[in-house]
Amino acid sequence: MPIPLAKLPPLDLIRGFVAVARRMSITHAAHDLHLTQSAVSRQIRALETHLGVALFTRGFRSIALTPEGAQLFRLADPWLTQLGELGERWRHPGRRQPVTVSTTIGVAALWLLPRLGAFQQAHPGIDVRVAADNRVLPLGQDGVDIAIRYCRGRPAGEPAQWLFGEAVVPVAHPSLAAAPLDAANLPRQVLLEFDDPSRPWLQWDEWLGSHGMQALRPRGMLRFNQYDQVVQAALAGQGVALGRLALVAPMLADGRLRALGAAAPEQTPLSYWLVRHPRDRSPDTEIVAQWLLEQAEAGQA
């Protein structure tokens, strides 16, 4: 039996909560809602009283979601997003709705964004919105129509099409790429590290170990917490990066980067997959999805 509507929390309180959770700042949320900070704070306290749980933990000039707050945010944020989009469509029936593509920050910066200009020239009547986030955004949340997933095997519970796998090769600016990366060359090089231990196949320790150079030390190492930063540092001539071949192939093709050796065969079962919303498939979404598949196939060729 449905819960009586009178027992549900007021929409204004939910909207205030989502605004704060999106920004992790009462000040910024108040600006978004055109309210005072005290008004937003009162909304959060009233919602916590209504639900009987704490939604945020307060620190010195910082807040964080409690487990209950995170659960509510996962439920309420996509619902309010969809409600807002529905209202926009009704208020502005002639306005074009963008097709939202979600992917990681690295894939967005290195693979997707450089290709969007060509897409816009070919399809000027379709707007594309890129949602770059290293979190896995569910289809439908934040209006996500298409997602490029990086995962082990086919994504569970989602119709998916394979885009490309993962292979790595040491790459560097042409000024540093005069010789292969071997035992003689390694001590003269600075290595650019993607500082993410959950991706050992993108870590230099594993690559050096697989090539019998684990006992050698480079001249230095620079670490970055985003993969696109690693590639940008390589383009700037700051050192040698482990290039994810599918992402750096255009830079190898046009000479901005050079390979210091041959690409290793795929060392991980993880691949990139394209997934689409199982129900909300507009003609524009299908065109964007097909274009992404064609781009992936061309890159493999």
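The chain has 9 helices and 12 strands. The model is predicted.

User: Why are H7 and H8 called roughly parallel to each other?

Analyst: The axes of H7 (residues 227–235) and H8 (residues 245–253) cross at roughly 20°. Angles under 35 degrees count as roughly parallel, and H7 and H8 are therefore roughly parallel to each other. Their axes come within 12 Å.

User: Which hand does the crossing of H7 and H8 have?

Analyst: The crossing is right-handed.

User: What makes the meeting of H7 with H8 a contact, and which residues meet?

Analyst: Contact means heavy atoms within 4.5 Å. From H7, Tyr227, Val231 and Leu235 take part, and they meet Leu247, Val248 and Met251 of H8.

User: Into which domains is the chain divided, and how far apart do their C-alpha centres lie?

Analyst: Domain 1 covers 5–91 and domain 2 covers 97–300. The C-alpha centres of domain 1 and domain 2 lie 34 Å apart. The C-alpha trace of the chain spans about 75 × 50 × 35 Å along its principal axes.

User: What makes a residue count as buried, and what percentage of the chain does so?

Analyst: Buried means under 20% relative accessible area. Of the 301 residues, 43% count as buried.

User: What share of the contacts with a separation of 6 or more comes from residues 24 or more positions apart?

Analyst: Such residues account for 73% of those contacts in the chain.

Conventions: Residues are numbered from 1 along each chain as its sequence is written. This is a predicted model: local features need pLDDT of at least 70, side-chain atom pairs count only at pLDDT 80 or more; totals for chains, interfaces and linings use all residues. Side-chain values use heavy atoms; hydrogens and water are left out. Axes are lines fitted to C-alpha atoms, for helices over the stretch in contact, and angles run from 0 to 180 degrees between N-to-C directions. Helices (H or I, at least four residues) and strands (E, at least two) are DSSP runs, numbered from the N terminus. Angles under 35 degrees count as roughly parallel, over 145 as roughly antiparallel, 65 to 115 as roughly perpendicular and the rest as oblique. A crossing is left-handed if the near helix is turned anticlockwise from the far one by less than a right angle, and right-handed if clockwise. Domain bounds come from an automatic or database domain assignment. Buried means under 20% relative accessible area, exposed over 50%, partly exposed in between (1.4 Å probe, protein chains only).
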